[in-house]
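Subject: Handing over a structure

Hello,

Here is the structure I promised to pass on to you. Please open it beside this email, and then read on for what turned up.

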Amino acid sequence: MCVLGTGLIGGSLLRAAVAAGYPAFGYNRSRPGAEAARADGFDVDTDLPAVLGRAAEADALLVVAVPMPAVAHILSSIATFAPGCALTDVVSVKAPVADAVREHGLAARYVGGHPMAGTSESGWQATDAELFRGAVWAVGVDEGTHADPWRRVTRLALDCGSVVVPVVAAEHDRAVARISHLPHVLAEALAASGAAGGPLALGLAAGSFRDGTRVAATAPDLVRAICEPNAGALLEVLDETLDALTAARASLTERGSLADLVQAGHDGRLEYETVDRWEITDVRIGDHDWLERLRAAGQRGGVITKPLD
């Protein structure tokens, strides 16, 4: 396996893959980042053409692990130096990455991926081989996905300790707008509101403020790189949220009550805590309808915890 970008997610993936027994190496644009990885005993270089040439010779699975603004540059280099390699990514949106992959002529070997894991920290120094253990890893089942690279990507996710959820790109992006990107936006707003209250408000802040603003500690440029490429889906869910807050404000003004919002939020949290996950076992990879069956299973809460073949 070859990881292209060894920040928090890519670097943690490199650590996890090596721990799982993979022959693995990587590329990082930042020399200090690459040197830090090498100091810890990992094979990371700053020469992208050389790394991709090596990946092509080894038939390595390529993992694009850079922010969305850097994806096109990486894909262009892959198209030049390693176009035959199986390809996946760990970017937080899927449709824009898939579009870029098609534009560079790499779609035949591509399978989208997104491990739902992370922290507010960044860089090699924050990497952790256990980051993905028990986490959900979205793996693409879009039309045209080929069985062999899909098996490799799924095996990697499972070997890192994750639970695989099959999903198509557009549905993934709408879902993460709700459960990942909107929380980033709300955390930023909550943190800014707390700071506006001055030392007294911040001095009184406790668990709810701390937990609600945790991801606001993420580097601002990284938050923008995560959220802005999914603007369409994020705008839809922002509008829903603004409508809910406006209704709550009106209810508080007119009746002194937040009952509707509080009840809906409480019910939503209970649904999250009791969501039904079940093992997908009845799909044979490569059958004529395997992609659609996996998509339908993922929509109903199906997961994969061991190889289907």
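To start with something you can check on screen: is Arg-152 buried, partly exposed or exposed? Arg-152 counts as partly exposed, because its relative accessibility is 30% and that class runs between 20% and 50%. Please keep in mind that this is a predicted model.

First, some orientation. In an unreviewed entry, UniProt lists residues 1-283 as "domain: Prephenate/arogenate dehydrogenase". That span is 54% helix and 10% strand, and its end C-alpha atoms are 26 Å apart.

Now to the charged pairs. Side chains of opposite charge can pair when their charged atoms come close. Searching the whole structure gives 15 salt bridges. Here are some of them.

One joins the side chains of Arg-152 and Asp-59, at 3.8 Å from N to O. This pair links distant parts of the chain, 93 residues apart: Arg-152 sits in helix α6 (residues 147-159), while Asp-59 is in the loop between α3 (48-58) and β4 (62-64). Asp-59 is partly exposed as well, at 40% relative accessible area.

Another is formed by the side chains of Arg-15 and Asp-40, at 2.9 Å from N to O. Asp-40 counts as partly exposed, with 43% relative accessibility.

Glu-240 and Arg-178 also make a salt bridge, with their closest N and O atoms 2.9 Å apart. Here the link runs between helix α11, which holds Glu-240, and helix α7 (residues 169-196), which holds Arg-178; the two residues are 62 apart. Glu-240 is partly exposed at 42%, and Arg-178 counts as partly exposed at 42% too.

Together with Leu-242 and Leu-261, Leu-245 forms a nonpolar surface patch with about 260 Å² of accessible area. Leu-245 itself counts as partly exposed, at 44% relative accessibility.

Finally, have a look at Ser-12 in helix α1 (residues 8-19). Ser-12 is buried, because its relative accessible area is 0%. Its side chain reaches the backbone oxygen of Leu-8 at 2.6 Å. Beyond its neighbours within four places in sequence, Ser-12 is in contact with Gly-7, Thr-127, Asp-128, Ala-129, Leu-131 and Phe-132.

Methods: Residues are numbered from 1 along each chain as its sequence is written. This is a predicted model: local features need pLDDT of at least 70, side-chain atom pairs count only at pLDDT 80 or more; totals for chains, interfaces and linings use all residues. Side-chain values use heavy atoms; hydrogens and water are left out. Helices (H or I, at least four residues) and strands (E, at least two) are DSSP runs, numbered from the N terminus. Buried means under 20% relative accessible area, exposed over 50%, partly exposed in between (1.4 Å probe, protein chains only). A polar contact is a pair of N or O atoms within 3.5 Å; within protein, one must be able to donate a hydrogen and the other to accept it, and residues adjacent in sequence count only if both atoms are side-chain atoms. Contact means heavy atoms within 4.5 Å. UniProt positions are given in the numbering used here, feature names are shortened, and annotations may be inferred rather than shown by experiment. Patches are made of residues with over 30% relative accessible area and no salt bridge: like charges are joined within 9 Å, nonpolar side chains (Val, Leu, Ile, Met, Phe, Trp, Tyr) within 5 Å. Accessible areas come from the Shrake-Rupley method with a 1.4 Å probe; for residues, only the protein chains shown count as cover. A salt bridge is a side-chain nitrogen of Lys or Arg within 4 Å of a carboxyl oxygen of Asp or Glu.
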